[in-house]
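Okay, thanks for having me, everyone. Let's bring up the structure and walk through a few spots together.

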Amino acid sequence: ANSASVGASSSVAVGGIYQLWKRKGKPRRRAAEVYAKLARTKPGSVFSYLVASSRARDDDALHPIGARGLCNAHEAGHRRAAKELKRSASDENVVVRRLVIQCLVDTHKPLGKVEISIATAMRRDSDPNIRADAARVLARVVTGDDAPKTAVRALAKLAQDKSREPRMIAIRALGAMKAAPDSALAALPVAFRGAPESDKLDILRTARKLGAGEIVGAAITDDSPSVRLAAIDTAIATTTDVTSVINSALTDPAPSVRRAALDKIAAGKSGLDSSTTESALRLAIRDDNEELSDLALATLGRVGDTKAAHDELARRLASPSERVRAQAARASIGLAETDPQGAIDLLAPLQDDPSHDVRAALVPSLGKAMALATSPAELGKSLTKAERHATRRWVALSALLTLARTEAGAASAKSELDKVAKNGPPSARYGAELGLGVLEARADGISFVQSLVP
(Lines give C-alpha, C1' and ligand atoms only; values in the text may rest on other atoms or scores of the structure.)
Protein backbone atom coordinates (compact mmCIF):
# COMPACT_ATOMS: atom_id res chain seq x y z
CA ALA A 1 0.00 0.00 0.00
CA ASN A 2 2.84 2.41 0.80
CA SER A 3 4.52 1.62 -2.52
CA ALA A 4 1.28 2.29 -4.40
CA SER A 5 0.83 5.63 -2.68
CA VAL A 6 4.21 6.80 -4.02
CA GLY A 7 3.65 5.63 -7.58
CA ALA A 8 4.08 1.85 -7.72
CA SER A 9 1.45 -0.42 -9.28
CA SER A 10 -1.83 -0.03 -7.39
CA SER A 11 -3.21 -3.30 -8.78
CA VAL A 12 -0.30 -5.21 -7.29
CA ALA A 13 -0.82 -3.54 -3.90
CA VAL A 14 -4.57 -4.10 -3.94
CA GLY A 15 -4.12 -7.70 -5.00
CA GLY A 16 -1.65 -8.33 -2.21
CA ILE A 17 -3.98 -6.92 0.43
CA TYR A 18 -6.84 -8.95 -1.04
CA GLN A 19 -5.40 -12.05 0.61
CA LEU A 20 -6.26 -10.45 3.96
CA TRP A 21 -9.60 -9.18 2.66
CA LYS A 22 -10.78 -12.72 1.81
CA ARG A 23 -10.53 -13.71 5.45
CA LYS A 24 -13.26 -12.51 7.77
CA GLY A 25 -12.94 -10.73 11.09
CA LYS A 26 -9.76 -8.96 12.12
CA PRO A 27 -7.78 -9.68 8.91
CA ARG A 28 -10.55 -8.15 6.75
CA ARG A 29 -10.73 -5.11 9.00
CA ARG A 30 -6.95 -4.66 8.66
CA ALA A 31 -7.27 -4.91 4.88
CA ALA A 32 -10.09 -2.36 4.95
CA GLU A 33 -7.88 0.06 6.90
CA VAL A 34 -5.22 -0.25 4.23
CA TYR A 35 -7.76 0.32 1.45
CA ALA A 36 -9.11 3.36 3.31
CA LYS A 37 -5.61 4.83 3.49
CA LEU A 38 -4.94 4.04 -0.15
CA ALA A 39 -8.11 5.90 -1.14
CA ARG A 40 -6.31 9.19 -0.55
CA THR A 41 -4.25 8.69 -3.69
CA LYS A 42 -5.79 5.75 -5.59
CA PRO A 43 -9.53 5.91 -4.87
CA GLY A 44 -10.60 4.12 -8.04
CA SER A 45 -8.57 1.03 -7.26
CA VAL A 46 -10.10 0.45 -3.84
CA PHE A 47 -13.54 2.02 -4.12
CA SER A 48 -15.47 -1.26 -4.42
CA TYR A 49 -13.86 -2.52 -1.22
CA LEU A 50 -14.76 0.68 0.62
CA VAL A 51 -18.37 0.39 -0.50
CA ALA A 52 -18.44 -3.24 0.64
CA SER A 53 -16.98 -2.23 4.01
CA SER A 54 -19.56 0.51 4.55
CA ARG A 55 -22.42 -1.90 3.71
CA ALA A 56 -21.12 -5.06 5.39
CA ARG A 57 -23.91 -6.95 7.15
CA ASP A 58 -21.77 -9.54 8.85
CA ASP A 59 -19.31 -7.11 10.52
CA ASP A 60 -20.53 -3.73 11.75
CA ALA A 61 -16.96 -2.81 12.72
CA LEU A 62 -16.21 -2.37 9.02
CA HIS A 63 -18.71 0.48 8.68
CA PRO A 64 -16.56 3.22 10.31
CA ILE A 65 -13.52 2.06 8.32
CA GLY A 66 -15.52 2.18 5.12
CA ALA A 67 -16.83 5.65 5.98
CA ARG A 68 -13.29 6.96 6.55
CA GLY A 69 -12.21 5.47 3.23
CA LEU A 70 -15.16 6.98 1.40
CA CYS A 71 -14.29 10.36 2.89
CA ASN A 72 -10.72 9.99 1.62
CA ALA A 73 -12.07 9.03 -1.80
CA HIS A 74 -14.36 12.09 -1.72
CA GLU A 75 -11.40 14.34 -0.99
CA ALA A 76 -9.45 12.68 -3.80
CA GLY A 77 -12.29 13.55 -6.19
CA HIS A 78 -14.00 10.19 -6.80
CA ARG A 79 -17.32 11.01 -8.44
CA ARG A 80 -19.36 8.32 -6.65
CA ALA A 81 -17.98 8.93 -3.17
CA ALA A 82 -20.61 11.52 -2.19
CA LYS A 83 -23.51 9.20 -3.04
CA GLU A 84 -22.01 6.40 -0.92
CA LEU A 85 -21.43 8.84 1.94
CA LYS A 86 -25.11 9.72 1.72
CA ARG A 87 -25.98 6.05 2.24
CA SER A 88 -23.67 5.89 5.28
CA ALA A 89 -25.29 9.04 6.69
CA SER A 90 -28.24 6.91 7.79
CA ASP A 91 -26.11 4.20 9.43
CA GLU A 92 -27.33 3.04 12.82
CA ASN A 93 -23.84 3.54 14.27
CA VAL A 94 -23.49 7.14 15.48
CA VAL A 95 -19.72 6.95 14.95
CA VAL A 96 -20.28 6.37 11.24
CA ARG A 97 -22.72 9.27 10.99
CA ARG A 98 -20.24 11.53 12.78
CA LEU A 99 -17.51 10.51 10.33
CA VAL A 100 -19.75 11.37 7.38
CA ILE A 101 -20.76 14.84 8.58
CA GLN A 102 -17.24 15.61 9.80
CA CYS A 103 -16.00 14.76 6.32
CA LEU A 104 -18.23 17.50 4.90
CA VAL A 105 -17.22 19.96 7.61
CA ASP A 106 -13.51 19.43 6.92
CA THR A 107 -13.58 19.34 3.13
CA HIS A 108 -12.27 22.27 1.15
CA LYS A 109 -14.05 21.10 -1.98
CA PRO A 110 -17.15 22.93 -3.22
CA LEU A 111 -20.29 21.34 -1.87
CA GLY A 112 -22.68 19.99 -4.47
CA LYS A 113 -26.30 18.89 -4.38
CA VAL A 114 -25.51 15.48 -2.86
CA GLU A 115 -23.42 16.98 -0.05
CA ILE A 116 -26.13 19.54 0.70
CA SER A 117 -28.76 16.80 0.78
CA ILE A 118 -26.61 14.86 3.26
CA ALA A 119 -26.39 17.87 5.62
CA THR A 120 -30.09 18.62 5.14
CA ALA A 121 -31.04 15.08 6.12
CA MET A 122 -28.64 15.02 9.08
CA ARG A 123 -30.15 18.12 10.63
CA ARG A 124 -32.76 15.65 12.00
CA ASP A 125 -30.15 13.35 13.56
CA SER A 126 -30.65 12.36 17.19
CA ASP A 127 -27.08 13.42 18.06
CA PRO A 128 -26.83 17.19 18.77
CA ASN A 129 -23.16 17.26 17.74
CA ILE A 130 -24.10 15.88 14.33
CA ARG A 131 -26.89 18.45 14.01
CA ALA A 132 -24.39 21.18 14.90
CA ASP A 133 -21.99 19.98 12.21
CA ALA A 134 -24.87 19.80 9.74
CA ALA A 135 -25.63 23.43 10.53
CA ARG A 136 -21.96 24.32 9.89
CA VAL A 137 -22.08 22.65 6.49
CA LEU A 138 -25.33 24.36 5.55
CA ALA A 139 -24.00 27.71 6.76
CA ARG A 140 -21.25 27.46 4.13
CA VAL A 141 -23.68 27.19 1.24
CA VAL A 142 -26.13 29.99 2.11
CA THR A 143 -23.63 32.86 2.09
CA GLY A 144 -23.89 33.58 -1.63
CA ASP A 145 -26.53 35.38 -3.66
CA ASP A 146 -28.23 32.17 -4.77
CA ALA A 147 -28.58 30.14 -1.60
CA PRO A 148 -30.15 26.67 -2.11
CA LYS A 149 -33.72 26.74 -0.83
CA THR A 150 -33.38 23.31 0.78
CA ALA A 151 -30.37 24.52 2.80
CA VAL A 152 -32.20 27.68 3.87
CA ARG A 153 -35.26 25.71 5.00
CA ALA A 154 -33.05 23.28 6.90
CA LEU A 155 -31.30 26.15 8.70
CA ALA A 156 -34.67 27.65 9.57
CA LYS A 157 -35.58 24.35 11.21
CA LEU A 158 -32.22 24.16 13.00
CA ALA A 159 -32.79 27.69 14.32
CA GLN A 160 -35.54 26.13 16.45
CA ASP A 161 -33.39 23.18 17.57
CA LYS A 162 -33.72 22.17 21.21
CA SER A 163 -29.92 22.11 21.60
CA ARG A 164 -28.01 25.36 21.89
CA GLU A 165 -25.06 24.74 19.55
CA PRO A 166 -26.94 23.79 16.36
CA ARG A 167 -29.54 26.45 17.10
CA MET A 168 -27.00 29.28 17.42
CA ILE A 169 -24.94 28.17 14.42
CA ALA A 170 -28.11 28.24 12.33
CA ILE A 171 -29.18 31.63 13.66
CA ARG A 172 -25.78 33.18 12.93
CA ALA A 173 -25.86 31.68 9.44
CA LEU A 174 -29.32 33.13 8.79
CA GLY A 175 -28.05 36.50 9.97
CA ALA A 176 -25.35 36.42 7.30
CA MET A 177 -27.95 35.99 4.55
CA LYS A 178 -29.47 38.82 2.55
CA ALA A 179 -32.95 37.50 3.23
CA ALA A 180 -34.40 34.67 5.27
CA PRO A 181 -37.74 32.85 5.21
CA ASP A 182 -40.53 33.77 7.59
CA SER A 183 -40.03 30.47 9.40
CA ALA A 184 -36.53 31.62 10.35
CA LEU A 185 -37.82 34.94 11.67
CA ALA A 186 -40.42 33.11 13.75
CA ALA A 187 -37.65 31.03 15.31
CA LEU A 188 -35.85 34.03 16.81
CA PRO A 189 -38.29 34.78 19.68
CA VAL A 190 -38.34 31.09 20.61
CA ALA A 191 -34.54 30.93 20.63
CA PHE A 192 -34.31 34.17 22.63
CA ARG A 193 -36.28 32.89 25.59
CA GLY A 194 -34.00 31.38 28.20
CA ALA A 195 -30.83 31.90 26.14
CA PRO A 196 -27.60 33.07 27.83
CA GLU A 197 -26.53 36.67 27.36
CA SER A 198 -24.00 36.03 24.56
CA ASP A 199 -26.61 34.10 22.56
CA LYS A 200 -29.21 36.81 23.05
CA LEU A 201 -26.77 39.36 21.64
CA ASP A 202 -26.18 37.14 18.60
CA ILE A 203 -29.93 36.69 18.14
CA LEU A 204 -30.46 40.45 18.29
CA ARG A 205 -27.71 41.00 15.71
CA THR A 206 -29.43 38.51 13.43
CA ALA A 207 -32.78 40.20 14.05
CA ARG A 208 -31.30 43.57 13.02
CA LYS A 209 -29.91 42.16 9.79
CA LEU A 210 -33.13 40.40 8.89
CA GLY A 211 -35.45 43.21 9.97
CA ALA A 212 -37.13 41.04 12.59
CA GLY A 213 -38.20 43.23 15.48
CA GLU A 214 -40.48 40.77 17.28
CA ILE A 215 -37.97 40.19 20.09
CA VAL A 216 -37.45 43.87 20.91
CA GLY A 217 -40.13 43.87 23.61
CA ALA A 218 -38.52 40.96 25.45
CA ALA A 219 -35.00 42.32 24.94
CA ILE A 220 -35.63 45.80 26.38
CA THR A 221 -36.84 44.24 29.65
CA ASP A 222 -34.05 41.65 29.85
CA ASP A 223 -32.00 41.32 33.04
CA SER A 224 -28.76 42.07 31.18
CA PRO A 225 -27.85 45.74 30.48
CA SER A 226 -25.89 44.60 27.40
CA VAL A 227 -28.99 42.96 25.97
CA ARG A 228 -31.08 46.05 26.70
CA LEU A 229 -28.45 48.16 24.93
CA ALA A 230 -28.64 45.89 21.89
CA ALA A 231 -32.44 46.13 22.02
CA ILE A 232 -32.20 49.87 21.33
CA ASP A 233 -30.21 49.28 18.15
CA THR A 234 -32.56 46.49 17.07
CA ALA A 235 -35.66 48.61 17.64
CA ILE A 236 -34.23 51.45 15.56
CA ALA A 237 -32.89 49.17 12.81
CA THR A 238 -36.21 47.35 12.47
CA THR A 239 -38.41 50.41 13.26
CA THR A 240 -40.18 48.40 15.94
CA ASP A 241 -41.79 50.25 18.89
CA VAL A 242 -38.99 52.84 18.75
CA THR A 243 -40.78 55.40 20.91
CA SER A 244 -41.61 52.99 23.72
CA VAL A 245 -38.14 51.42 23.59
CA ILE A 246 -36.39 54.81 23.79
CA ASN A 247 -38.63 55.93 26.64
CA SER A 248 -38.01 52.66 28.45
CA ALA A 249 -34.27 53.01 27.92
CA LEU A 250 -34.28 56.57 29.26
CA THR A 251 -35.68 55.27 32.58
CA ASP A 252 -33.48 52.17 32.63
CA PRO A 253 -31.70 51.40 35.93
CA ALA A 254 -28.36 51.11 34.11
CA PRO A 255 -26.71 54.47 33.26
CA SER A 256 -25.07 52.90 30.19
CA VAL A 257 -28.48 52.12 28.70
CA ARG A 258 -29.82 55.60 29.41
CA ARG A 259 -26.71 57.14 27.85
CA ALA A 260 -27.06 54.94 24.76
CA ALA A 261 -30.61 56.15 24.25
CA LEU A 262 -29.50 59.77 24.59
CA ASP A 263 -26.61 59.21 22.17
CA LYS A 264 -29.04 57.85 19.58
CA ILE A 265 -31.27 60.90 19.96
CA ALA A 266 -28.30 63.29 19.82
CA ALA A 267 -27.00 61.63 16.65
CA GLY A 268 -30.42 61.89 15.03
CA LYS A 269 -30.61 58.10 14.67
CA SER A 270 -33.60 57.45 16.88
CA GLY A 271 -36.17 57.87 14.16
CA LEU A 272 -38.41 59.85 16.54
CA ASP A 273 -40.35 62.88 15.37
CA SER A 274 -39.57 66.27 16.89
CA SER A 275 -42.35 66.32 19.48
CA THR A 276 -41.60 62.77 20.65
CA THR A 277 -37.89 63.63 20.80
CA GLU A 278 -38.57 66.68 22.93
CA SER A 279 -40.80 64.70 25.30
CA ALA A 280 -38.16 61.99 25.65
CA LEU A 281 -35.43 64.54 26.37
CA ARG A 282 -37.52 66.34 28.97
CA LEU A 283 -37.91 62.98 30.67
CA ALA A 284 -34.15 62.43 30.54
CA ILE A 285 -33.38 65.90 31.89
CA ARG A 286 -34.83 64.78 35.23
CA ASP A 287 -32.27 61.95 35.45
CA ASP A 288 -30.67 61.57 38.88
CA ASN A 289 -27.31 61.10 37.18
CA GLU A 290 -26.03 64.65 36.71
CA GLU A 291 -23.85 63.74 33.73
CA LEU A 292 -26.79 62.19 31.90
CA SER A 293 -29.06 65.08 32.83
CA ASP A 294 -26.44 67.46 31.36
CA LEU A 295 -26.29 65.38 28.20
CA ALA A 296 -30.07 65.41 27.85
CA LEU A 297 -30.22 69.16 28.31
CA ALA A 298 -27.42 69.69 25.79
CA THR A 299 -29.13 67.33 23.36
CA LEU A 300 -32.36 69.29 23.69
CA GLY A 301 -30.43 72.34 22.47
CA ARG A 302 -28.93 70.39 19.56
CA VAL A 303 -31.94 68.51 18.19
CA GLY A 304 -34.99 69.90 19.97
CA ASP A 305 -37.04 73.00 19.34
CA THR A 306 -34.69 75.97 19.71
CA LYS A 307 -37.20 78.15 21.56
CA ALA A 308 -38.09 75.31 23.93
CA ALA A 309 -34.40 74.70 24.65
CA HIS A 310 -33.78 78.44 25.12
CA ASP A 311 -36.68 78.77 27.57
CA GLU A 312 -35.64 75.68 29.55
CA LEU A 313 -32.04 76.87 29.85
CA ALA A 314 -33.11 80.42 30.75
CA ARG A 315 -35.28 79.04 33.55
CA ARG A 316 -32.45 76.97 34.92
CA LEU A 317 -29.82 79.69 34.56
CA ALA A 318 -32.05 81.94 36.70
CA SER A 319 -32.28 79.34 39.45
CA PRO A 320 -31.10 80.29 42.95
CA SER A 321 -29.25 76.98 43.08
CA GLU A 322 -25.59 77.18 42.03
CA ARG A 323 -25.66 73.52 41.01
CA VAL A 324 -28.62 74.04 38.68
CA ARG A 325 -27.07 77.15 37.11
CA ALA A 326 -23.74 75.38 36.60
CA GLN A 327 -25.49 72.41 35.02
CA ALA A 328 -27.43 74.66 32.65
CA ALA A 329 -24.23 76.55 31.76
CA ARG A 330 -22.53 73.28 30.81
CA ALA A 331 -25.54 72.03 28.87
CA SER A 332 -25.85 75.26 26.91
CA ILE A 333 -23.16 73.96 24.57
CA GLY A 334 -25.94 72.20 22.65
CA LEU A 335 -27.79 75.46 22.06
CA ALA A 336 -24.49 77.15 21.21
CA GLU A 337 -24.16 74.83 18.21
CA THR A 338 -27.62 75.58 16.80
CA ASP A 339 -28.33 79.13 18.03
CA PRO A 340 -24.98 80.71 18.97
CA GLN A 341 -26.35 84.24 19.39
CA GLY A 342 -29.15 82.96 21.62
CA ALA A 343 -26.58 81.14 23.75
CA ILE A 344 -24.47 84.29 24.01
CA ASP A 345 -27.49 86.29 25.18
CA LEU A 346 -28.16 83.70 27.87
CA LEU A 347 -24.62 83.10 29.08
CA ALA A 348 -22.83 86.43 28.77
CA PRO A 349 -24.44 87.91 31.92
CA LEU A 350 -23.30 84.87 33.93
CA GLN A 351 -19.66 85.87 33.46
CA ASP A 352 -20.31 88.02 36.53
CA ASP A 353 -22.06 85.23 38.47
CA PRO A 354 -20.92 85.13 42.11
CA SER A 355 -20.39 81.36 41.88
CA HIS A 356 -17.00 80.16 40.65
CA ASP A 357 -18.55 76.85 39.53
CA VAL A 358 -21.04 78.64 37.31
CA ARG A 359 -18.39 80.88 35.73
CA ALA A 360 -16.08 77.92 35.07
CA ALA A 361 -18.93 75.81 33.67
CA LEU A 362 -19.94 78.39 31.04
CA VAL A 363 -16.46 78.73 29.49
CA PRO A 364 -16.80 75.92 26.86
CA SER A 365 -20.40 76.78 26.00
CA LEU A 366 -19.97 80.54 25.70
CA GLY A 367 -16.61 80.06 23.99
CA LYS A 368 -18.20 77.84 21.34
CA ALA A 369 -21.08 80.27 20.79
CA MET A 370 -18.69 83.20 20.38
CA ALA A 371 -16.49 81.21 18.00
CA LEU A 372 -19.51 80.59 15.78
CA ALA A 373 -21.07 84.06 15.99
CA THR A 374 -18.09 86.41 16.26
CA SER A 375 -15.27 87.20 13.83
CA PRO A 376 -11.66 86.32 14.77
CA ALA A 377 -10.77 90.00 14.92
CA GLU A 378 -13.59 90.70 17.38
CA LEU A 379 -12.47 87.73 19.52
CA GLY A 380 -8.95 89.18 19.59
CA LYS A 381 -10.37 92.54 20.74
CA SER A 382 -12.45 90.80 23.43
CA LEU A 383 -9.30 89.12 24.76
CA THR A 384 -7.45 92.47 24.80
CA LYS A 385 -10.29 94.44 26.43
CA ALA A 386 -10.80 91.91 29.24
CA GLU A 387 -7.58 92.87 30.99
CA ARG A 388 -9.39 93.41 34.28
CA HIS A 389 -12.01 90.69 33.94
CA ALA A 390 -10.48 87.22 34.18
CA THR A 391 -13.62 85.25 33.26
CA ARG A 392 -14.24 87.30 30.11
CA ARG A 393 -10.58 86.92 29.17
CA TRP A 394 -10.64 83.13 29.53
CA VAL A 395 -13.94 82.92 27.62
CA ALA A 396 -12.41 84.90 24.73
CA LEU A 397 -9.37 82.61 24.76
CA SER A 398 -11.66 79.59 24.80
CA ALA A 399 -13.47 80.97 21.74
CA LEU A 400 -10.18 81.42 19.86
CA LEU A 401 -9.04 77.91 20.78
CA THR A 402 -12.39 76.51 19.64
CA LEU A 403 -12.07 78.39 16.35
CA ALA A 404 -8.51 77.12 15.93
CA ARG A 405 -9.82 73.53 16.00
CA THR A 406 -11.75 74.14 12.77
CA GLU A 407 -10.15 73.89 9.36
CA ALA A 408 -11.68 77.17 8.22
CA GLY A 409 -10.74 79.17 11.30
CA ALA A 410 -7.39 77.71 12.33
CA ALA A 411 -5.17 80.21 10.51
CA SER A 412 -7.14 83.34 11.49
CA ALA A 413 -7.41 82.28 15.16
CA LYS A 414 -3.67 81.66 15.38
CA SER A 415 -3.02 84.99 13.69
CA GLU A 416 -5.12 86.85 16.30
CA LEU A 417 -3.34 85.04 19.13
CA ASP A 418 0.02 86.02 17.63
CA LYS A 419 -1.04 89.68 17.48
CA VAL A 420 -2.20 89.74 21.10
CA ALA A 421 0.90 87.83 22.26
CA LYS A 422 3.11 90.51 20.69
CA ASN A 423 1.16 93.72 21.29
CA GLY A 424 -1.53 93.07 23.88
CA PRO A 425 -1.62 94.17 27.52
CA PRO A 426 0.12 91.90 30.09
CA SER A 427 -2.74 89.60 31.10
CA ALA A 428 -4.07 89.27 27.55
CA ARG A 429 -0.53 88.67 26.28
CA TYR A 430 -0.06 85.92 28.86
CA GLY A 431 -3.36 84.32 27.83
CA ALA A 432 -2.47 84.47 24.12
CA GLU A 433 0.96 82.90 24.75
CA LEU A 434 -0.77 80.21 26.76
CA GLY A 435 -3.20 79.57 23.89
CA LEU A 436 -0.38 79.33 21.34
CA GLY A 437 1.39 76.82 23.57
CA VAL A 438 -1.75 74.74 23.88
CA LEU A 439 -2.20 74.70 20.10
CA GLU A 440 1.42 73.75 19.53
CA ALA A 441 1.13 70.89 22.03
CA ARG A 442 -2.26 69.86 20.61
CA ALA A 443 -3.57 69.65 24.17
CA ASP A 444 -7.12 69.97 25.53
CA GLY A 445 -6.90 73.69 26.04
CA ILE A 446 -10.56 74.26 26.93
CA SER A 447 -10.44 72.13 30.07
CA PHE A 448 -7.19 73.82 31.07
CA VAL A 449 -8.67 77.28 30.55
CA GLN A 450 -11.65 76.32 32.70
CA SER A 451 -9.29 75.50 35.55
CA LEU A 452 -7.86 79.04 35.38
CA VAL A 453 -11.17 80.78 36.08
CA PRO A 454 -10.79 82.51 39.48
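Before anything else, one term: when I say two residues touch, or are in contact, I mean they have heavy atoms within 4.5 Å. Also keep in mind that what you're looking at is a predicted model.

Asp-294 itself sits in helix H19, residues 290-303. Is Asp-294 buried or exposed? Its relative accessible area is 12%, and buried means under 20%, so Asp-294 is buried.

Now for a contrast, look at Pro-110. You'll find Pro-110 in the loop between helix H7 (94-106) and helix H8 (113-122). Its relative accessible area is 75%, and the cut-off for exposed is over 50%, so Pro-110 counts as exposed. Here's another thing to look for: Pro-110 and Arg-140 are 30 residues apart along the chain, and their C-alpha atoms are separated by 9.6 Å.

Let's follow the chain into H8 and its partner, helix H9, which covers residues 128-141. Their axes come within 8 Å and cross at roughly 140 degrees. That angle makes H8 oblique to H9. The crossing of these two, H8 and H9, is left-handed. On the H8 side, the contact uses Ile-116, Ala-119, Thr-120 and Met-122. H9 brings Ile-130, Arg-131, Ala-134, Val-137, Leu-138 and Val-141. Sort the residues of that contact by type and you get 8 nonpolar, 1 polar and 1 charged.

While we're in H9, find Ala-132, which is also in that helix. Ala-132 is buried, with a relative accessible area of 0%. Leaving aside neighbours within four places in sequence, Ala-132 is in contact with Glu-165, Pro-166 and Ile-169.

Next pair: helix H11, residues 164-175, and helix H13, residues 197-210. The two axes come within 8 Å and cross at roughly 30 degrees. How do H11 and H13 run, then, roughly parallel or roughly antiparallel? The cut-off for roughly parallel is under 35 degrees, so H11 is roughly parallel to H13. H11 passes H13 in a left-handed crossing. The H11 residues that meet H13 include Arg-164, Met-168 and Ile-171, and among those on the H13 side are Asp-199, Asp-202 and Ile-203.

Helix H24 (residues 356-373) and helix H26 (residues 390-404) pack at an angle of about 50 degrees, and their axes are 7 Å apart. H24 and H26 are therefore oblique to each other. H24 passes H26 in a right-handed crossing. Among the residues making the contact are Leu-362, Val-363 and Pro-364 of H24, along with Trp-394 and Val-395 of H26. The residues of this H24 and H26 contact divide into 10 nonpolar, 4 polar and 2 charged.

Last stop, the core. In soluble globular proteins, nonpolar side chains tend to be buried together. Here, the largest nonpolar core has 145 residues. Which of them touch the most other members? Those are Leu-155, Ile-203, Ile-232, Ile-246 and Leu-383. Take Ile-232: not counting residues up to four places away in sequence, it touches Ile-220, Val-245, Ile-246, Ala-249, Val-257, Ala-260, Ala-261 and Lys-264.

Terms used
Residues numbered from 1 in each chain as written. Predicted model: local features only at pLDDT ≥ 70, side-chain atom pairs only at ≥ 80, totals over all residues. Heavy atoms only, no water. Axes fitted to C-alpha atoms, helices over the stretch in contact; angles between N-to-C directions. Helix = DSSP H or I, 4+ residues; strand = E, 2+ residues; numbered from the N terminus. Parallel < 35°, antiparallel > 145°, perpendicular 65-115°, else oblique. Left-handed = near helix turned anticlockwise from the far one by under 90°. Nonpolar A, V, L, I, M, F, W, Y, C, P; charged D, E, K, R; others polar. Core = buried A, V, L, I, M, F, W, Y, C linked by side-chain atoms within 4.5 Å. Buried < 20%, exposed > 50% of the residue type's maximum accessible area, 1.4 Å probe, protein only.
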